[in-house]
Amino acid sequence: MSVRTVLAVAGAALIGGLALAEPAAADPSVQPAAASVYTLSAGRIGSSLAALVGLLGAVNGGLALAHPTGQGHIGTWARRNGAVTALAAGLIAVVVGGSVAATADGGLGTGNGLGGAYVAMLVGLIAVTLGWLARSRRTG
């Protein structure tokens, strides 16, 4: 599968997830009660983990992009595997963040992880971009 196909599928999933997500009802009586700051819901945990995976992918992509001829253990690993790891981790972060955003029952601040899902998708797209640039720089 080419990088262009991966980017096209990730973009379509992001746009489809945001466009098809059902907005919350306007009537306040049907709004879910906001969760406490300390409550860990499944949406919060999923979006936090997706954001962390995306951040690790962005770091790997940055290392692969910054040190293509790296010295030492980290530089050697980043040269060999950093771009592919960044692409995979970024794609995972975008897909998980999009699924949490699509299934969230309320808006921001309701405890469903919607804010974290948006952060996960953004960081995942950054990781995919860095991984793609590092991979095209290495092969090109």
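What follows is a working chat about a predicted model of a protein.

Biologist: To start with, how many helices and strands does the protein have?
Modeller: This is a predicted model, and in it the protein has 4 helices and 0 strands, so that the pattern read along the sequence is α-α-α-α.

Biologist: And what share of the residues counts as buried?
Modeller: Of the protein's 140 residues, 31% count as buried. The protein exposes about 8,200 Å², and carbon and sulfur atoms supply 68% of that area.

Biologist: What part of the contacts comes from residues 24 or more positions apart?
Modeller: Taking the contacts with a separation of 6 or more, residues 24 or more positions apart account for 71% of them.

Biologist: Let's go to α2. What should its residues span, and how far apart are its end C-alpha atoms?
Modeller: The helix runs over residues 42-66, and at 1.5 Å a residue its 25 residues should span 36 Å, which agrees with end C-alpha atoms that are 36 Å apart.

Biologist: Which residues of α2 are buried?
Modeller: The buried residues in α2 are Gly43, Ser47, Ala50, Ala51, Gly54, Gly57, Ala58, Asn60, Gly61 and Ala64. As background, residues three or four places apart in an α-helix point the same way, because the helix has 3.6 residues a turn.

Biologist: Which residues form the nonpolar patch on the surface?
Modeller: That patch is formed by Ile45, Leu49, Leu52, Leu55, Leu56 and Val59, which together have about 540 Å² of accessible area.

Biologist: Which residues make up the largest nonpolar core?
Modeller: The largest nonpolar core has 6 residues, namely Val100, Ala101, Ala104, Leu114, Ala117 and Met121. The elements that give two or more residues to this core are α3, residues 72-103, and α4, residues 114-139, and α4 gives the most, with 3 residues.

Biologist: Now Ala127. Is Ala127 buried or exposed?
Modeller: Ala127, found in helix α4, is buried, with a relative accessible area of 0%. Leaving aside neighbours within four places in sequence, Ala127 is in contact with Gly54, Gly57, Ala58, Ala86, Leu87 and Gly90.

Biologist: What about Ala89, which residues is Ala89 in contact with?
Modeller: Ala89 is found in helix α3 and, apart from neighbours within four places in sequence, is in contact with Val53, Gly54 and Gly57. At 11% relative accessibility Ala89 counts as buried, and the C-alpha atoms of Ala89 and Ala58, which are 31 residues apart along the chain, are separated by 8.2 Å.

Biologist: Where is Gly62, and is Gly62 buried or partly exposed?
Modeller: Gly62 has its place in helix α2 and is partly exposed, with a relative accessible area of 26%. Gly62 and Ala86 are 24 residues apart in sequence, and C-alpha to C-alpha they are 8.6 Å apart in space.

Biologist: Last one: is Leu122 buried or exposed?
Modeller: Leu122, found in helix α4, counts as exposed at 54% relative accessibility. Leu122 and Gly97 are 25 residues apart in sequence and 9.0 Å apart in space, taken from C-alpha to C-alpha.

Technical notes: Residues numbered from 1 in each chain as written. Predicted model: local features only at pLDDT ≥ 70, side-chain atom pairs only at ≥ 80, totals over all residues. Heavy atoms only, no water. Patch = residues over 30% accessible without salt bridge, like charges linked within 9 Å, V, L, I, M, F, W, Y side chains within 5 Å. Areas by Shrake-Rupley, 256 points an atom, 1.4 Å probe, with all protein chains shown as cover. Salt bridge = Lys/Arg side-chain N within 4 Å of Asp/Glu carboxyl O. Buried < 20%, exposed > 50% of the residue type's maximum accessible area, 1.4 Å probe, protein only. Contact = heavy atoms within 4.5 Å. Core = buried A, V, L, I, M, F, W, Y, C linked by side-chain atoms within 4.5 Å. Expected span 1.5 Å × (residues − 1).
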